[in-house]
Amino acid sequence: MNLPMKKIRKIQIAAASLLLVVVLMIGAGCSCNAQVTQAGWAPVAVGEDSVYLATAEGTLVTLSKINGNKTAEDIKVNTGNTAAGILSCGMAGRGTVVYGTPYINGDLISVAGYDGMVYTYSITTHLSNSVQLDEDKGMSIIGGIVGDGDILYIPCSDGCVYALNSLSLTREWSFETGDKVWATPVLDNGTLYVASFDSKVYALDASDGTMKWSYATNGPIMASPVVKDGVVYVCSFDRTIHALNASDGSLKWNFTGSSEAVPRKWFWATPIIVSDYLCAPNMDGTMFVLKVETGELAYSFEYDAQLSSSPVAVGDIVYYATEAGVLWSLDLTTGATVQLHDFEQTIDSGLVVDGDVIFVHTQTKEALYAVNRANGLVSWYYEV
Amino acid sequence: MGNIWNIVILRPITNFLIVLSDVLFGNFGLAVIALTIIINLILLPLTIKQMKTTKKTAELQPKLQALQKKYANDQQALAQAQMQLYKESGISPTGCLLPMFIQMPVWVALYQAIMRVMAVYPESFLNLSSMVYSWDIIFKALPLKTTFLGMNMSTSNFIMAILVGLSMYLQTKMTTNTSAGNNPQMQQQQQMMQVMMPAMFVFLAMTLPSGLSLYWIVNAVIRMVMQYFYTGWGGLQPWVDKIAGILHIKKKDTPQTPVSSKKSGNKGSKGPISKK
């Protein structure tokens with residue numbers, strides 16, 4: 001290889017420059033891996049006349065339920081300390097990313113940010129208030145807020161669930177689990193059910209946070225528990241669905257698979273109960289439909305994309321979306337599925353239904369679609 | 001292309017890291033250390049080749065400088081003479097680049113694997129599901145406990161950032177004299193690199209999860225160990241001598257001094273025998 005010295009130098013400079021670029025790309029968290037850029041996946045909050053969309057840009061957008069027009073000024077959800085500079089991966093100037101559904105209580109809307117802050121806004125005046133949930137650690141909030149009047153229950157990555165007064169933003173109580181809490185807690189009949197990455201589900205007295213019981217699965221839990229008729233249904237990363245008696249946390253039945261279908265990956269999305277069936281999407285692309293009484297598999301539907309979005313239901317019909325962006329309906333009386341719409345966009349956000357409309361928040365090219373659940377036609381859409 | 005990258009490089013490394021973590025008592029820090037060592041061992045032949053070429057190139061520096069003086073006014077003749085010299089010495093001047101290009105994707109994949117398994121962002125954790133194999137051990141191990149020596153490996157850490165800078169500086173300093181020879185221009189460049197590279201990595205380490213810092217530190221230490229066995233202390237020799245002097249360590253005779261140190265006038269420098 002007879003290269004002149006100048007050429008060798010050029011090659012060496014090019015190699016050094018390439019190395020520098022790779023290092024900088026690594027530093028920016030962008031290298032060959034756009035997934036690490038945060039997109040958020042907050043399902044919309046539905047109000048009386050409007051829907052509230054927390055965007056990946058960290059903005060709370062208010063849209064008319066009827067036509068998708070903006071009905072109020074945008075609210076920037078942040079504290080002004082968003083990362084900036086070359087390593088911010090385009091995050092500079094953005095608000096904080098939001099993953100959980102905002103909670104509406106009268107005129108007050110509460111939003112939990114990835115920055116570990118809880119923000120409350122007056123819907124009419126936009127007056128705001130905020131508090132750092134965990135003052136010492138400043139850990140992120142991934143799950144959504146569940147509320148009971150003025151009390152907000154908020155899960156946090158520091159392993160705690162907090163009860164806050166939404167008016168004063170003062171802490172009522174907190175309960176510490178053994179690991180991150182990313183699942184939105186569930187409130188049922190004065191009991192707060194909290195699922196944690198420590199593999200356990202906890203039943204807490206919602207008034208003071210004291211633990212009633214806990215149940216350990218064999219894997220972290222990301223999906224919110226579902227409670228119905230005195231039974232708590234828990235879908236875990238251990239690829240098992242656990243049905244527990246709500247009174248004492250004892251196991252009623254569990255499902256690890258059948259001869260027809262076996263969950264091969266995590267249960268990430270929150271399942272839903274429709275009539276006598278539990279519909280649990282799995283990341284392996286299978287929708288498992290179990291009989292709630294016995295835990296037997298009634299149906300299973302396999303798709304070529306993972307199911308990470310939480311389904312919704314109206315009557316006996318379940319609506320769910322694959323991560324590849326296809327919206328499906330499943331009639332549980334007949335077991336028939338219909339493809340309603342192909343958005344050709346990533347959908348990780350949970351679906352929300354309001355009357356005849358299903359709200360779909362897409363992630364790749366961020367937008368909110370209002371889809372007629374009867375025919376799958378898009379009534380309107382708002383592109384972020 | 002993305003799929004090939006994932007299937008061939010990223011998925012195996014990611015899953016191996018998870019399994020290692022489970023085997024090593026659920027300790028993520030130990031898993032990163034073990035994986036870095038294993039990957040360095042796999043790439044050892046390439047690394048040795050790279051070191052060999054770098055060392056030989058350094059040895060040629062005086063001759064190259066002599067040629068530069070000789071053919072100062074004839075660039076073409078200079079290029080021909082240089083090529084002839086390289087040919088006679090049996091080295092390819094671009095020989096040190098090929099191993100670097102082969103190693104780079106592995107390092108990038110290792111970085112990506114660390115970032116994913118630490119679930120720094122919810123999105124990366126969600127995508128981890130598509131990366132892991134359907135093995136029980138994998139599902140049992142996830143998510144990994146990212147605490148190591150009391151530090152949270154999924155967040156940046158000032159101490160780790162400083163250690164990254166220090167280890168990088170020492171590594172760069174160690175290699176300095178082994179390749180620059182007496183070329184003042186090259187020495188100047190290397191002096192700049194000695195400061196710039198570690199400073200840049202400190203900056204990165206302060207903004208990135210410290211799990212990645214741990215990888216950089218371990219990698220730098222491994223490189224220094226390999227460098228030591230191949231060329232001795234290199235640019236660190238004066239410091240080693242000073243420390244030895246302070247500690248009153250009795251100097252032992254060594255059969256051979258590292259070539260570059262000798263050339264840069266570090267008489268009496270110590271080091272293991274260089275392989276021919």
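Which residue in E28(A) is the bridge partner of A:Trp328? The bridge partner is A:Gln339. Before the rest of the structure, some conventions are needed. This is a predicted model, in which local features need pLDDT of at least 70 and side-chain atom pairs count only at pLDDT 80 or more, while totals for chains, interfaces and linings use all residues. Residues are numbered from 1 along each chain as its sequence is written, chains are lettered from A and ligands numbered from 1 in the order in which they are written, and side-chain values use heavy atoms, with hydrogens and water left out.

Helices (H or I, at least four residues) and strands (E, at least two) are DSSP runs, numbered from the N terminus. Two strands pair if DSSP finds at least two bridges between them. Strand E27 of chain A, residues 326-331, pairs in the antiparallel sense with strand E28 (residues 336-342) over 6 bridges. These two strands form a hairpin with 4 residues between them, and A:Gly335 in the turn has a positive phi of about 80°. E27(A) also pairs with strand E26 (residues 317-321) of chain A, in the antiparallel sense and over 5 bridges. Here A:Ala321 stands opposite A:Leu327. E26(A) and E27(A) form a hairpin too, with 4 residues between them and a positive phi of about 105° at A:Gly325 in the turn. Of the 6 residues in E27(A), 5 are buried, where buried means under 20% relative accessible area (1.4 Å probe, protein chains only).

Further along chain A, 4 strands form an open sheet in the order E29-E30-E31-E32, with antiparallel pairing. Strands E29 (352-354) and E32 (378-383) stand at the edges with a single partner strand each, so one side of each is left without a neighbour in the sheet. The twist averages 20° from one strand to the next, with axes taken as lines fitted to C-alpha atoms and angles running from 0 to 180 degrees between N-to-C directions. Strand E31 (residues 367-372) of chain A is joined to E32(A) by 5 bridges, and A:Leu368 stands opposite A:Tyr382 in E32(A).

Chain B comes to 12 helices and 2 strands. Of its 276 residues, 53% are buried. In helix H6 (residues 122-131) of chain B, 9 of the 10 residues are buried, including B:Pro122, B:Phe125 and B:Leu126.

A nonpolar core is a set of buried Ala, Val, Leu, Ile, Met, Phe, Trp, Tyr and Cys residues joined through side-chain atoms within 4.5 Å. The largest one has 70 residues, and those with the most contacts inside it include A:Trp266, A:Trp268, B:Leu17 and B:Trp216. Among the elements that give two or more residues to this core are helices H1 (2-23), H5 (97-117) and H6 of chain B. H5(B) supplies the largest share, 10 residues. Contact means heavy atoms within 4.5 Å. Not counting residues up to four places away in sequence, A:Trp268 touches residues of both chains, among them A:Trp41, A:Phe237, B:Pro122, B:Phe125 and B:Leu126. Apart from this core lies another, of 18 residues, including A:Val226 and A:Leu290.

B:Asn27 lies in the loop between H1 and H2 of chain B. The side chain of B:Asn27 reaches the backbone nitrogen of B:Gly29 at 3.0 Å. B:Asn27 also touches B:Ser21, B:Thr147 and B:Phe148, not counting residues up to four places away in sequence.

Methods
Buried means under 20% relative accessible area, exposed over 50%, partly exposed in between (1.4 Å probe, protein chains only). A polar contact is a pair of N or O atoms within 3.5 Å; within protein, one must be able to donate a hydrogen and the other to accept it, and residues adjacent in sequence count only if both atoms are side-chain atoms.
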